[in-house]
Every structure is written in C-alpha cells, then in structure tokens.
Amino acid sequence: MNTQQIQLVRDSFALVQPIAPQAAALFYDNLFEADPQLRALFKGNMAHQGERLMGMIGSALALLDRPATLLPVLRSLGARHVPYGVQDAHYATVGAALIKTLGQGLGNAFTSEVRHAWTDLYGVISATMIEGTREPVAA
Ligand code: HEM
C-alpha cells in the first residue's frame with residue numbers, strides 16, 4: 001500500500017468511527033447472510049465482538065507505517081483464529097462482508113479509490129494472519 005492509500009483508509013475509517021457499533025452490527029448481518037454457518041463459530045457477545053473487530057482494524061491502521069511491529073501481532077492473531085474454527089476460505093467471506101459494510105456506511109464517500117485501498121489493506125491483513133497459521137507456535 002502506498003502513502004496515499006494509507007491516508008484514504010485512515011480518513012474513511014475515521015468517518016465510520018462515530019457509527020462503529022452500527023457498522024459492526026451491519027457487518028455481522030452481512031457476514032451471516034453470506035455464510036450462515038459462520039454464526040456457530042462466534043461464542044461470545046456479538047456487540048463485544050464487533051468492538052474487538054473494529055478495535056483491531058483501528059490498531060492495524062495505526063501501525064501500518066510500522067510493519068515490524070504490526071506483522072507479528074497479525075501473525076499471532078491469525079494463529080489464535082485456528083482454534084476458533086476459522087479456515088482460510090473464511091477470510092474471503094469476511095473481506096467481502098467488510099467491503100460491503102464500508103460501502104453501506106460510507107455511501108458516496110466510498111469511492112473506487114477508497115474501495116481499492118481497503119481491499120488492499122484487508123488483503124495484507126488476511127494474508128499475514130493466514131501466514132501466522134502456518135508457523136509453529138513458539139515454545
Ligand atoms: C481482518 C481480519 C480479522 C481481524 C482483524 C479479526 C479480529 C479478531 C479479534 C481482535 C478477535 C478477539 C480475540 C483475539 O484477539 O484472539 C477475534 C475473534 C474471533 N474472530 Fe476474528 N478477525 C479477523 C478475521 C476473522 C475471520 C476471517 C473469521 C472467520 C469467520 C473470524 C472469526 C472470529 C471468531 C469466531 C472469533 C472468536 C469470537 C468468539 O468466541 O465469540 N475472524 N477476531
């Protein structure tokens with residue numbers, strides 16, 4: 001991702017922040033509509049889960065220009081997702097639900113550049129998380 005794309009995702013995420021609880025709820029509606037079987041994976045409180053997802057995306061955005069710090073955090077997040085029952089293919093479903101939600105939440109502000117920047121960001125995050133499932137867990 002280039003500097004301009006990083007700025008685009010940061011600016012658009014800031015626009016979603018005031019409606020974060022609604023955006024999180026909308027995201028899970030979109031996700032479970034795309035794949036109802038995923039519902040069974042989520043054991044906890046969904047409002048809380050939504051906050052964690054938005055929080056994690058926010059942290060990733062804050063750390064984008066410090067990849068040496070961000071990448072190990074994302075790898076271990078990916079490794080933690082294996083016992084939750086998450087499979088590689090689920091990342092594409094989640095990515096599509098996220099992009100759909102951003103489009104709904106941002107309306108006209110979701111330009112093709114913004115969409116592209118988010119798609120790239122999610123690609124980097126998900127590829128790094130999946131990479132983390134391939135590594136042996138440190139003793
Ligand atoms: C950008 C990608 C993702 C991010 C940033 C993310 C973030 C998180 C965070 C921060 C947690 C809290 C627990 C922890 O830190 O270990 C969590 C839990 C969880 N995530 Fe993700 N996640 C992502 C992708 C996915 C995908 C693709 C799935 C598949 C459906 C998924 C399913 C879950 C489940 C089932 C839990 C446990 C929740 C519970 O027990 O209720 N996540 N995720």
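Analyst: Let us begin with the residue classes: Ala, Val, Leu, Ile, Met, Phe, Trp, Tyr, Cys and Pro count as nonpolar, Asp, Glu, Lys and Arg as charged, and the others, Gly among them, as polar. By these classes, the shell around the ligand has 13 nonpolar, five polar and three charged residues. The model is predicted: local features require pLDDT of at least 70 and side-chain atom pairs count only at pLDDT 80 or more, while totals for chains, interfaces and linings use all residues. Residue numbers start from 1 along each chain as its sequence is written.

User: Which of the residues around the ligand come nearest?

Analyst: A residue is near a molecule if its C-beta atom, placed from the backbone, lies within 6 Å of it. There are 21 residues around the ligand, and L41, G44, M56, H90 and V94 come nearest.

User: Which helices supply at least two residues of the shell around the ligand?

Analyst: Helices here are DSSP runs (H or I, at least four residues), numbered from the N terminus. α3 (46-63), α4 (67-81), α5 and α6 each supply at least two residues of this shell. α3 gives the largest share, five residues.

User: What makes L8, V9, S12 and F13 of α1 buried?

Analyst: A residue is buried if 20 or more other C-beta atoms, placed from the backbone, lie within 10 Å of its own, exposed if 12 or fewer, and partly exposed in between. In α1, L8, V9, S12 and F13 are buried. Viewed down the axis of α1, these buried residues fall within an arc of 125°, so they line one face of the helix. That arc is taken from the directions from the helix axis to the C-beta atoms. Residues three or four places apart point the same way because an α-helix has 3.6 residues a turn. On the other side of α1, T3, Q4, Q7, D11 and A14 are exposed.

User: How do you know that the span of α1 agrees with its 14 residues?

Analyst: The expected span of a helix is 1.5 Å times one less than its number of residues. For α1 this should be 20 Å, and its end C-alpha atoms are 20 Å apart, so the two agree. The 17 residues of α5 should span 24 Å, and the end C-alpha atoms of α5 are 24 Å apart, which also agrees.

User: Why do the buried residues of α5 count as lining one face of the helix?

Analyst: The buried residues of α5 are A97, L98, T101 and L102. Down the axis of α5 they fall within an arc of 135°, so they line one face. α1, α2 and α6 are among what covers them. Just after α5, G107 takes a positive phi of about 55°.

User: How many residues does the largest nonpolar core have?

Analyst: A nonpolar core is a set of buried Ala, Val, Leu, Ile, Met, Phe, Trp, Tyr and Cys residues joined through C-beta atoms within 7 Å. The largest has 18 residues, and V9, F27, W118, L121 and I125 have the most contacts inside it. The elements giving two or more residues to this core are α1 (3-16), α2 (20-34), α5 (90-106) and α6 (112-134). α6 gives the most, with six residues. Two residues are in contact if their C-beta atoms, placed from the backbone, lie within 7 Å. Leaving aside its neighbours within four places in sequence, W118 is in contact with V9, I99 and L102.

User: Why is T128 called partly exposed?

Analyst: T128 has 19 other C-beta atoms within 10 Å, so it is partly exposed. The place of T128 is in helix α6. Not counting residues up to four places away in sequence, T128 touches L71, L74, R75 and G78.

User: How many C-beta neighbours does D29 have inside 10 Å?

Analyst: D29, in helix α2, has 14 C-beta neighbours inside 10 Å and therefore counts as partly exposed. I19 lies in the loop between α1 and α2; with 13 other C-beta atoms within 10 Å, I19 is partly exposed.
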